[in-house]
Amino acid sequence: MEKSIDLPPPRIGRFRHIVNLLRTAPRTAKFGMVIVGLYAFVAIFAPWLAPYGEAETVSRIPFDGWSSDHLLGTDRLGRDFLSRLIYGARNSISIALITTLISCTIGCMTGVFSALVGGIVDQVISRFVDAIMSVPDLIFILMVLSIFGSSIPNLIMIIALLTSTRFFRISRAAALNVGSLDFVEAARVRGEGLVWISVNEIFPNILPLILSELGMRFCFIFLSIAALSFLGVGIQPPAAEWGSMVRENAALINMGDITPLIPAAAIALLTISVNFIVDWLLNTASGLTDEN
Amino acid sequence: MTGKPNPLFSMILGRIGLGLVSILIVSLVIFSTVSLLPGSYAAAILGQNATPEAVAAFEERLGLDQPWFWRYLQWLGSAVRGEFGLSFSGRPVIDIIGPRLVNTVLLASITAVIAVPLAVTLGIICARYRGRPIDRLISTSSLAAISFPEFFIAYVLMMILAVQLQLLPSMAGIRDGMSFGEQLYRMILPVLTLLMVILAHMVRNTRAAILSVMSSAYVEMARLKGESEDRVIMYHALPNAIGPIASVVALNLAYLIAGVVVIEVVFVYPGVGQSMIDAVRNRDVPVIQACALIFATAYIGFNLIADVISIVSNPRLLHPR
Amino acid sequence: MHDTANPEAAAPVIEIRDLWIDGKLNETWAPIVKGVSLSLRPGEVLGLVGESGAGKSTIGLAALGYLRSGARATAGSVRIDGTDLLSIPEADRRPMRGTRVAYVAQSAQAAFNPAHRLMEQITTVAVKRGGMRREEAQKRAVDLFVALQLPEPNTFGERYPHQVSGGQLQRAMVAMALICNPSLIVFDEPTTALDVTTQVEVLIAIRKVIEDFGVAAIYITHDLAVVAQIAHRVAVLRFGEIIEEGALDRILNDPRHPYTQSLWALHDMTLDKSDQHGQGGGALLSIESVSARYGDFAALTDVNLQVEKGATVALVGESGSGKSTLGRVITGLMEPSEGQILWDGKPLATKVQRRPLETLRRIQIIYQSADTALNPRTTIRKIIGRPLKLYHGLRGKAREARVTELLKMVELSEAFADRYPGQLSGGQKQRVAIARALAANPELIICDEITSSLDKVVQAEVLRMLLDLQDRLGVSYLFITHDIEVVRVIADRVVVMQNGRIVEQDDTASFFAPPHEPYTEKLLASVPDMAGGWLDAIIAQRAV
């Protein structure tokens with residue numbers, strides 16, 4: 001009866017699959033991808049795009065208004081606002097990205113390891129992670145920064161470690177789910193080692209979930225670093241950072257000038273875009289689509 | 001119910017015990033971070049050039065010459081009595097954060113009292129009209145709102161309501177001398193900002209919690225019995241979503257705590273967030289430790305309450321076989 | 001059941017005409033129900049038979065004017081007492097559900113709301129829209145509990161769903177469907193989730209109330225044997241189309257469409273049993289007084305079992321009988337608390353990690369669900385190639401050649417090697433899983449319910465292939481199954497388990513011949529027969 005026995009299904013190329021996926025993406029996700037691409041471009045080519053240097057004092061007038069020389073005016077120290085905005089993209093995004101990648105690596109490796117080993121090791125690691133997570137992130141960060149002082153490496157390490165708890169949770173849960181499936185059991189019965197199982201059987205199957213978590217965590221980390229810089233305990237001057245640019249020029253807001261809000265809006269636009277993409281990824285991964 | 005002891009009580013007691021254990025572990029973590037300090041604790045504070053005598057004197061004044069675990073017990077013991085020892089500036093920690101803590105708690109609780117019912121209601125509305133314009137509007141705008149930095153929302157509101165329309169004061173510097181009404185009036189802007197921050201998270205999570213219940217077979221069965229969509233939500237889905245909703249609400253209070261710190265700085269509100277930032281700048285570790293312990297305890301407490309609510313709302317535990 | 005009072009006289013309770021329904025898959029709509037027409041007269045029971053994915057449930061739900069999200073009706077009508085449910089607004093359809101047409105779901109455990117008492121859930125429709133007062137509705141519910149032979153009918157409704165067993169809950173759901181005296185009930189695989197011995201009780205109850213209340217019913221199932229006990233008329237569904245429809249007797253005795261005929265493939269499959277396998281082979285695997293426990297629960301108690309070289313031993317039992325646990329103990333995934341396992345006379349390490357690769361190679365396992373047994377992100381080539389590399393060190397061309405050879409052995413073309421499991425049908429996936437097991441050159445293959453999620457035709461094909469392979473390769477099978485029909489076809493020896501103990505071991509021939517052990521007797525008696533009248537016989541027997 002089953003005629004298809006001798007008729008294998010058509011092969012679908014990976015490239016065409018991706019093109020198809022992108023084509024069917026909702027408008028919000030497409031918008032997100034365009035914006036993220038734009039930010040990446042600005043961040044990579046900042047020195048060529050910015051009219052002035054990052055910390056270069058170019059005007060004797062602090063808080064100068066918008067003009068043809070300084071499209072967005074100057075800041076408190078007479079530095080070109082637009083240039084700092086462009087360099088800010090580079091600093092803020094790269095630091096957040098590095099932090100996210102470090103935390104993802106640490107978290108996922110421990111998570112999958114913990115899930116596969118199980119038993120007392122898993123219990124101890126999980127309880128420890130629970131304890132860390134029961135302190136609100138910002139409070140923990142402030143505590144550690146007060147001990148070690150604010151420097152970029154400190155900032156990256158502490159945020160990466162704290163965020164890795166989320167990656168740990170999600171990758172452990174996903175690995176437990178996948179690990180209970182028969183093909184993983186089959187691999188164990190076949191005599192495969194833990195590393196082989198993690199790399200070949202577990203990781204490819206939890207990748208979509210981790211990717212969307214990566215996007216979400218990037219947003220959180222990006223926002224946290226901006227908030228810390230805004231509070232004056234994050235990335236220290238003279239490096240341009242969007243959060244601290246808001247803070248440094250906040251006085252203008254009371255005068256009805258929206259310039260200080262531009263870096264804040266830049267942060268918002270990027271995180272919105274990433275969230276739109278994540279939302280779409282999550283929906284396609286879970287096979288859920290809102291009915292019309 | 002049968003004569004057998006109800007497992008409910010033992011479960012709740014177990015949860016409370018677990019909560020206490022978490023607080024203990026957290027306090028240990030908080031306390032021991034200090035020992036991570038590279039080099040001598042005192043040297044780090046006094047600077048590398050401090051004389052050994054000065055270091056010794058400093059250590060003795062703060063009791064740092066005593067064994068580590070003893071110091072921990074002392075610290076924890078006094079923390080339970082509401083004291084947190086001396087800060088590095090020499091003033092008792094409790095004097096620095098005490099009055100400000102009251103202000104922060106006031107700000108946070110006003111926000112929470114408005115936010116929780118509002119978020120649950122909006123979440124229910126979203127789930128009820130899933131995919132319709134109202135849901136799309138709320139979902140998309142809450143997705144946008146969680147993407148905004150807190151200070152962006154704060155400054156935009158300030159720009160519009162205080163600077164442009166001049167409806168509200170842009171600074172929220174409340175003082176003891178002010179009448180309560182005046183204090184409340186000055187708190188409107190910070191509360192509004194915090195609301196927007198926390199509502200977005202809570203609405204999204206509440207919606208997701210209800211929708212996951214809505215995908216269960218008994219909800220489809222209710223529809224197949226011809227129940228109206230309102231009754232499907234309120235009678236069939238909601239009772240089963242109480243537990244999940246309680247836990248997402250508790251989890252989201254973390255955003256409230258983080259948000260409070262930023263918002264206090266923006267609006268110059270005399271709360272504990274300000275003193276934490278000052279303490280980080282001055283590297284005044286005892287103050288931070290105290291704040292961390294207080295916030296963590298509160299957060300664990302909220303999660304405990306959520307756990308108890310989900311136990312009590314679970315019919316399998318409420319009505320054992 | 002076959003002698004209902006002249007149904008031709010009355011108007012139809014439901015008339016589905018040329019119904020087309022689209023389903024959404026990967027953002028594109030494709031038809032899943034293609035021009036189905038059905039009609040039922042009062043009191044008539046129609047069996048809707050088809051394999052998984054044939055569109056049975058979609059049609060069943062459409063009878064209530066209900067479409068799941070991701071489905072849309074594109075053409076046709078569903079008329080209940082003359083009203084087309086598909087052309088009126090939802091607000092007008094809704095009141096008809098539960099009152100005129102009712103639904104009985106597959107899993108009562110999932111379909112009852114855990115937060116409310118049974119009585120509340122059962123009576124709610126009657127009180128809200130059936131025009132009954134609460135006391136009236138509750139009295140009717142109690143009457144229905146009595147009719148459905150539920151225990152303690154007066155207080156039964158005060159319980160919560162989790163306080164009631166699966167079989168009872170399923171009958172409670174029938175009571176819920178009957179509360180408003182509807183003219184039609186849709187039964188969607190109501191006994192599929194139950195064990196065979198429980199299934200009989202529920203079937204008897206359903207049969208009785210359908211007759212007592214004279215309600216028309218659409219009975220959806222994949223099991224022709226079940227439908228043979230309940231229905232007057234049968235419609236066979238395949239790929240969203242009704243390919244054959246007729247009176248029960250006609251379909252049973254004279255199936256015309258090749259597909260309908262193929263539903264008997266397994267039933268009619270006979271094997272030349274002259275060459276009994278494994279007679280002089282000696283024991284390959286022997287399990288000696290093995291016990292195992294999950295915490296306090298004794299999953300296995302004093303199990304003794306042997307599998308001879310080249311033989312097929314079937315391990316039979318209901319869910320929870322410990323048959324899968326025994327499989328786990330043999331593979332080393334679970335440690336026995338007592339006893340030992342001998343392989344070729346030598347003790348086997350209890351933990352899989354302690355067994356040498358060469359031992360692992362000899363024992364392979366095939367799982368029930370090929371969906372979860374094959375990594376969806378790996379090509380078939382890699383799936384089959386891995387054991388070749390691991391056990392035999394095969395690489396490059398040699399491995400490629402062997403993969404092709406193995407694919408041929410399981411009757412798949414070489415082109416399958418580049419596909420992913422998700423692109424294959426259930427039967428094809430199971431063949432790949434078999435090829436993977438064969439790649440090891442094993443001496444024993446543990447087959448854990450490997451045919452139970454396959455269509456009947458495919459089941460027969462896979463079983464026949466396994467027997468061929470056994471003849472060629474001399475491999476032994478330990479066949480874990482709950483399906484007596486499969487046992488009959490494949491086994492040399494049968495082992496029956498109940499509550500973690502072995503209750504009977506016998507040659508297949510003597511197993512099926514009386515006298516039986518009491519539990520075996522019950523098990524065999526509970527398996528519905530493909531012929532009609534089997535349930536009648538049981539009911540008659542009980543009445544005596």
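Good morning. Between chain A and chain B of this predicted model, the count is 4 residue pairs in polar contact, with both partners at pLDDT 80 or more. I shall begin with that interface and then turn to the domains of chain B and of chain C.

The salt bridge count between chain A and chain B is 1. The side chains involved are those of A:Asp279 and B:Arg204, with an N to O distance of 3.4 Å. On the chain A side, the elements that give two or more residues to the contact with chain B are helix 5 (119–133), helix 6 (137–148), helix 9 (194–230), helix 10 (242–248) and helix 11 (261–286). Helix 11 of chain A provides the largest share of that side, 10 residues. Sorted by class, the side of chain A that touches chain B holds 30 nonpolar, 10 polar and 5 charged residues.

As to extent, the contact takes 45 residues from chain A and 53 residues from chain B. The two chains bury about 4200 Å² between them, and 76% of this lies on carbon and sulfur atoms. Within chain A, the residues that lose the most area to chain B are A:Ile139, A:Met143 and A:Ile147, which together make up 14% of what that side buries.

Domain 1 of chain B contributes 17 residues to the contact between them, and domain 2 of chain B contributes 16 residues. Domain 1 and domain 2 of chain B bury about 1500 Å² between them, 82% of it on carbon and sulfur atoms.

Which residue forms a salt bridge with B:Asp307? The partner is B:Arg15, and the closest N and O atoms are 3.6 Å apart. The salt bridge count between the two domains of chain B is 1, and the count of residue pairs in polar contact, both at pLDDT 80 or more, is also 1. Helix 1 (7–33), helix 2 (41–46) and helix 4 (68–80) of chain B each give two or more residues to the side of domain 1 that touches domain 2. The largest share of that side, 12 residues, comes from helix 1 of chain B. Its classes are 13 nonpolar, 3 polar and 1 charged residues.

Finally, chain C. This chain has 23 helices and 20 strands. Its radius of gyration is 26 Å, close to the 24 Å that the globule rule gives for 544 residues, so chain C is as compact as a globular protein of that length. Along its principal axes, the C-alpha trace of chain C spans about 75 × 50 × 45 Å.

The domain assignment of chain C gives domain 1 (14–267) and domain 2 (283–513). Their contact takes 11 residues from domain 1 of chain C and 12 residues from domain 2 of chain C. The centres of the two domains, taken over C-alpha atoms, are separated by 36 Å. Domain 1 and domain 2 of chain C bury about 1100 Å² between them, 53% of it on carbon and sulfur atoms. C:Glu51, C:Asp195 and C:Leu266 supply 55% of the area that domain 1 of chain C buries against domain 2, more than any other three residues.

How many salt bridges does the rule find across this interface of chain C? The number is 0, while 3 residue pairs are in polar contact, both at pLDDT 80 or more. Thank you for your attention.

Notes. Residues are numbered from 1 along each chain as its sequence is written. Chains are lettered from A and ligands numbered from 1 in the order in which they are written. This is a predicted model: local features need pLDDT of at least 70, side-chain atom pairs count only at pLDDT 80 or more; totals for chains, interfaces and linings use all residues. Side-chain values use heavy atoms; hydrogens and water are left out. Contact means heavy atoms within 4.5 Å. Buried area is the accessible area (1.4 Å probe) that two parts lose on being put together, summed over both. A salt bridge is a side-chain nitrogen of Lys or Arg within 4 Å of a carboxyl oxygen of Asp or Glu. A polar contact is a pair of N or O atoms within 3.5 Å; within protein, one must be able to donate a hydrogen and the other to accept it, and residues adjacent in sequence count only if both atoms are side-chain atoms. Helices (H or I, at least four residues) and strands (E, at least two) are DSSP runs, numbered from the N terminus. Ala, Val, Leu, Ile, Met, Phe, Trp, Tyr, Cys and Pro count as nonpolar, Asp, Glu, Lys and Arg as charged, and the others, Gly among them, as polar. The radius of gyration is taken over C-alpha atoms; the globule rule is 2.2 Å times the number of residues to the power 0.38. Domain bounds come from an automatic or database domain assignment.
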